[in-house]
Amino acid sequence: MSLILFAFVVRVRDGLPLSASTDFEHNRELQERKQQLRTISKALACFPDRGTVKGRELNIYFVSSEGVSYMTVCHCSLPVAKAFCFLEDLRWEFTACFNSTVVGLANRPYPFLEFDSTIQKLKQQYNQSGGPALEVTLAEVQEDLRIHPPQVIHLEDMELNGIANGHMEQGAGTGQNVRLEPVTAPGILSLVLNIMCASLNIIRGVHLIEYTFQDDHDGVWNVVAFLLAFVCCVFQCHLYLFHSSLKKHKSFALLSVIVLCNLYLLGLRNVWQLIFHISVASLSTLLINTRKLQDRTNDCGV
């Protein structure tokens with residue numbers, strides 16, 4: 001049984017795939033790990049130079065150096081030290097073939113596919129012999145891992161809406177340009193309706209302020225409800241137009257507040273008005289969560 005199943009070389013600054021091994025295994029978890037590996041590669045600038053993502057039977061390991069990251073999917077029975085030995089050998093082989101200038105000038109996915117043959121030979125060496133040829137290399141890596149253990153990355157804690165689902169908050173100064181899919185016709189409609197609801201809320205709220213502070217001090221909570229609904233409508237527009245982490249949680253929190261505000265305003269709005277405002281908020285929430293990041297690279301079937 002092969003212990004090293006897939007290897008991937010990417011440019012750190014933008015996640016551009018440089019080379020990858022051709023794998024002939026198609027089990028479900030391997031495909032999931034490969035998808036996670038590719039999406040993680042788009043955020044490597046946010047990660048440490050060495051990391052691990054643990055799965056059920058397959059783990060992901062990666063090492064980043066000089067603007068290039070070397071990533072692999074391995075069976076969980078493979079010792080961690082041997083996995084990082086493989087990545088170190090892969091790094092030496094790649095840097096011997098391609099210098100940093102050539103890597104920096106690459107402008108299309110998989111420009112170094114010919115490196116696949118080197119990856120396959122290295123995989124075969126490790127899968128057949130069980131590790132590197134020199135035990136001293138393994139010992140050095142084990143000692144380095146003991147002193148500087150790789151960071152264990154928990155994808156569920158990073159909202160792979162952040163990574164695994166293609167939505168991710170970029171760290172400041174990474175230089176990465178996050179682009180969402182183009183705005184659709186339903187999206188434009190939801191924005192127009194949301195702006196209309198926000199306008200109605202702010203107009204009613206401001207109008208009530210004068211009477212509330214002069215005659216009806218008990219109506220202050222109606223003013224708060226109108227203004228809070230206005231703010232939520234504005235934030236819904238922002239969430240749809242711009243990328244944000246924890247998008248799903250934020251969108252449902254905004255929807256909940258809008259629903260509660262409108263229910264509180266039942267005496268000042270009739271049922272049809274409530275249905276209109278809640279329906280617009282629900283449509284916006286749906287579109288916010290279905291608008292994905294635009295794919296920047298093509299996997300080219302590797």
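Me: Which terms describe two packed helices?
Reply: Axes here are lines fitted to C-alpha atoms, over the stretch in contact for helices. Two packed helices are described by the angle between their axes and the distance between the axes.

Me: What is this model, and how many helices and strands does the protein chain hold?
Reply: The model is predicted. Its protein chain has 302 residues, and 45% of them count as buried. The elements in the chain are nine helices and six strands.

Me: At what angle do helix α8 and helix α9 pack?
Reply: Helix α8 spans residues 247-264, and helix α9 spans residues 271-290. Their axes lie 10 Å apart. The angle is about 180°.

Me: Is α8 roughly parallel or roughly antiparallel to α9?
Reply: Angles over 145 degrees count as roughly antiparallel. The angle here is about 180°. Therefore α8 to α9 is roughly antiparallel.

Me: How do the residues of the contact of α8 with α9 divide?
Reply: From α8 come residues including F252, L255 and I258. From α9 come others, among them L274, I278 and I288. The contact divides into eight nonpolar, six polar and two charged.

Me: Is N194 buried or exposed?
Reply: N194 lies in helix α6, residues 185-214. Its relative accessibility is 2%. Buried means under 20%, so N194 counts as buried.

Me: Which side chain makes a polar contact with the side chain of N194?
Reply: Leaving out residues up to four places away in sequence, N194 touches C233, Q236, C237, V280 and S284. The polar contact between side chains is at 2.7 Å, and the partner of N194 is S284.

Conventions. Residues are numbered from 1 along each chain as its sequence is written. This is a predicted model: local features need pLDDT of at least 70, side-chain atom pairs count only at pLDDT 80 or more; totals for chains, interfaces and linings use all residues. Side-chain values use heavy atoms; hydrogens and water are left out. Axes are lines fitted to C-alpha atoms, for helices over the stretch in contact, and angles run from 0 to 180 degrees between N-to-C directions. Helices (H or I, at least four residues) and strands (E, at least two) are DSSP runs, numbered from the N terminus. Angles under 35 degrees count as roughly parallel, over 145 as roughly antiparallel, 65 to 115 as roughly perpendicular and the rest as oblique. Contact means heavy atoms within 4.5 Å. Ala, Val, Leu, Ile, Met, Phe, Trp, Tyr, Cys and Pro count as nonpolar, Asp, Glu, Lys and Arg as charged, and the others, Gly among them, as polar. Buried means under 20% relative accessible area, exposed over 50%, partly exposed in between (1.4 Å probe, protein chains only). A polar contact is a pair of N or O atoms within 3.5 Å; within protein, one must be able to donate a hydrogen and the other to accept it, and residues adjacent in sequence count only if both atoms are side-chain atoms.
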